[in-house]
Every structure is written in structure tokens, then in C-alpha cells.
Amino acid sequence: MTRPLKQIHLAAHFPGVNNTTVWSDPRAGSHIEFSSFAHFARTAERARFDFLFLAEGLRLREQGGHIYDLDVVGRPDTFTVLAALAAVTEHLGLTGTINSTFNEPYEVARQFASLDHLSGGRSAWNVVTSWDAFTGENFRRGGFLPQDERYSRAKEFLATAGELFDSWHGDEIIADQETGTFLRDARAGAFVHTGQHFDIHGQFNVPRSPQGRPVVFQAGDSEEGREFAAAEADAIFSRHGTLEAGRAFYRDVKSRLAKYGRRPDQLLILPAATFALADTDAEAEELAREVRRQQVSGATALKHLEFVWNRDLSAYDPEGPLPDIDPDVGDDHISKGRAQVRMYRDPIATAREWRELAAANKWSIRDLVINTGNRQNFVGSPATLASAIDDFVQADASDGFILVPHITPTGLDEFADKVVPLLQERGVFRTEYEGTTLRDHLGLAHPDEVRDERVAS
């Protein structure tokens, strides 16, 4: 028996601090003016996307003690942007990354519950932890937590926020003008939480919101991250962009759900995906090469090489050969606030491998960085992209994609106009929104329904 076609979930990521965005391109716009966020969100909603996603960096990254200005730097406050976007959109989900290491559950729960009310049930929270002491210097506590404690705090943070969301059941407000009675229960919102990381009690001051709780996203590929997602998340961001790796990740994470009393459809797997779109496949391939060279200028190539060498390489010619000196493997790193540094756990071995690649292919420093860095996930004509995306989802390598254009705010426009209609023709993507909340768009049950199901089982 033929399996029904899976419906594809699509979302749009407005890039922040990253190496994807080509901010120097003449078509690029501001990353702080509200008009950029509004244009991006309206395009995503016009295309019937599930949600818009904002990442967040809590400190500007540095290289050699200076702000790394080859990236887009800075980002207005996430909640402020999302609340403003709620006023200029009607259906689009609004997802924000909020850190569990340097915030407090009451404050974050209050902000998300408020956003859910303001948007009519469209809020989502990407729960992350902070991994470095450099970021922690911006906060009173400073420092950072070891990985096991980060996840311990994140789990308790999320559980505590859930208790706050659930402290209102939804039927407390009577607002009877004749009797002057506003609340059925004067203890509405009362909570007490005592744990390893948080010891709080009081009354939560935001009534039950349309979704009950925001949709919860999680990003993390470690063993702890996968377990955290299987136990708590509604969706997980994945970095696995190939079909084989995507299917392996999909099988692994989905297989973990049963131990937590959850079904496979209660967790969506959504990799981030970049794309190069043109009228023909050949033109798209040429565009992809052009974009990669825009993303990796000579100066950027040297900075990337410094992630591994941990040395100032500004004297080297980016169009010349790799350094013949070995990386400095000291504890203090020249690059601050960059997660990529953790990818190179054996810099000496990485340098050896890169020298061999460069020699075999006659690559310069810049060529090496272009060819070993992130590449576009989807390259081709509208028909090619639609087919590739559909094939990936139907093969259970993901449930959809979070698209990351290299130009903002207009980089999503052509995809919305040319690729989305082809997916709709295939019958794998909606032509209209069928619900009002983000949970509706994602096919996720209301938390009260999930709770009742678990109690009944």
C-alpha cells in the first residue's frame, strides 16, 4: 500500500550573526531597520510558511580582540522584533531563540505568554544554552556552565517555565460586570518550584495563552541534545543537509520518543537549508559559485583559517598557499564567541588534512575555505529545487526545512514566487492556512490534549 504524501513544513530564518548573509551585496538591506524584518515576514506569510525564525547572539564575536566585522553584527532584541511582527502578520508563526543560561524562567515565561496573546497563538521558543565564558562576561553571573550542567539547567528551566504556563488553566477569568467578579479563583497563577537551579514561588501574572504554551524548539546534535529534544521539544533544528546523514539523524531522534511516551509525529525535524535559485540548473550552479566567493572574501578566508591555526595570519596572502607553521594549540583562543572553534578538536590533524587537500587540488587559502565550508543545500531551477526538497522529506530525512537566504530582506521572494507554487502543484504544501495557531500549522496538538492523552494511557 502506497504511503500518503507527507506535507512539507517550510520556515524562514532571518540571518543574524553568521557567514551566510552577504551584507556587502548591493541588493542587501539593513539588519536592524524594522522594514527589513517586515518585508521578510510578509514574504514568508505570502508563501504560507509555518513560521519565521530569529537566532540570537548575546555578544558580538571577536577575532584578535576586535569585533569581527566581516559578519553581520548585532541584532535588536528578539521579543521586541517578534512582538512588532505580530502586528503586521496574521498567520505566520514567530519563533525566537532565548538562552536558558543567562535568563530566568519567570521573565522568559512571561514574555512568551505575552507574545502568544499578542499574536493570537503564534509564538515559539528555541531553547538554547550558552557554552562559553566570553559570552558570560556580559552578565552578572559571568563564566559558564559545563555541558552537563548546561543541559541540567536547561531542562529545569523549561520545566519551571512549563509550570508557570500551566499555573493558569484557562477558565479562571469570569469578568462578570454585573456582579463585579473578575476571577473565579483568586489563587490563579499560583506556583511553587524548588529545584537544583531555581527556587521560586508566587503568582504568574499572564493568563493562559491561546496555545497554552509556546511551541518549543531545540537545536543540538550532541547525545544530550538529542535526548533533550526527544523528551521535551516539539521540533528540533538539524544541521544534517545530505540525504544519508539526514535519514540517519531522523531515525535516531524519532526512535527515542517512545521512552518518553511520545509518538514520532509529536517531534518535527527541520534542518536549516541554504539555496541558489536561477532559471536553469547551469545558471544556478554559477550563482552558487558566485555566492560562495562573496561569502568568503580574502579577509574572511584568513579569519576562518585562524579558527584552526589560532594565530594572527593577516600577513598571509589569501590567494597563496597555506601556512607551513603549525597551529597554536594553547587554551586561549584568538577567536572569541564562535561555536565553530569547537569543531576543530585536533587542530594539528585538521591543518595536516587541509594541507593535503590544498596540495592535491592546487587550492589557495581562499579556495580551501570556499570548498571545505558550508555549501548551498539546494542548487538549481525552480523545478529542481521543488523536486529535491520533496524527495528529501518523502524519504524521511526531514519533515521540512528552515530556509536561510544569502540576501536579506528580499532573498526569499523568488523562492516564494517560483518554488512554492510547484510544491503546491505536487500536493505536498498548503495553498492556504487551515488554522490560526502555530501548533495548527505544524500539526501539533494543544498541550492540554497531549496531557490528557498521556493520563489516559
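Which residues form one aromatic cluster with F79 and W125? In this predicted model, select F79, F112, W125, F157 and F198, which together form that cluster.

**Aromatic pairs**

The search may then be widened to the whole structure, where 20 aromatic pairs are found. A pair of aromatic rings is described by the distance of the centres and the angle of the planes. As one of these pairs, select F14 and F37: the ring centres are 4.4 Å apart and the planes lie at 25 degrees, under the 30 degrees that counts as stacked, so this pair is stacked. Colouring by secondary structure shows that the pair links distant parts of the chain, with F14 in strand β1 (residues 9-14) and F37 in helix α1 (residues 34-46), 23 residues apart. F14 has 0% relative accessibility and therefore counts as buried; F37, at 1%, likewise counts as buried.

**A charge over a ring**

Next, select F429 and R430. The charged end of R430 sits over the ring of F429, 5.7 Å from the ring centre.

**The second largest pocket**

Finally, display D234, R262, Q266, R439 and V450, the residues nearest the centre of the second largest pocket, which is lined by 34 residues. The elements that each give two or more residues to this lining are α5 (147-166), α6 (223-232), α7 (243-255), α15 (438-442) and α16 (447-456). Among them, α5 gives the most, with five residues. The space in this pocket is about 880 Å³. Colouring the lining by residue class shows 16 nonpolar, five polar and 13 charged residues.

Key: Residues numbered from 1 in each chain as written. Predicted model: local features only at pLDDT ≥ 70, side-chain atom pairs only at ≥ 80, totals over all residues. Heavy atoms only, no water. 1 Å grid on protein atoms, 1.4 Å probe; cavity = no way out; pocket = protein on both sides within 12 Å on 5 of 7 lines; lining within 4 Å. Points joined across faces, edges and corners; volume = space filled by probe spheres on them. Helix = DSSP H or I, 4+ residues; strand = E, 2+ residues; numbered from the N terminus. Nonpolar A, V, L, I, M, F, W, Y, C, P; charged D, E, K, R; others polar. Phe/Tyr/Trp six-rings, centres within 6.5 Å; stacked < 30°, edge-to-face > 60°. Buried < 20%, exposed > 50% of the residue type's maximum accessible area, 1.4 Å probe, protein only. Lys NZ or Arg CZ within 6 Å of the ring centre and 35° of its normal.
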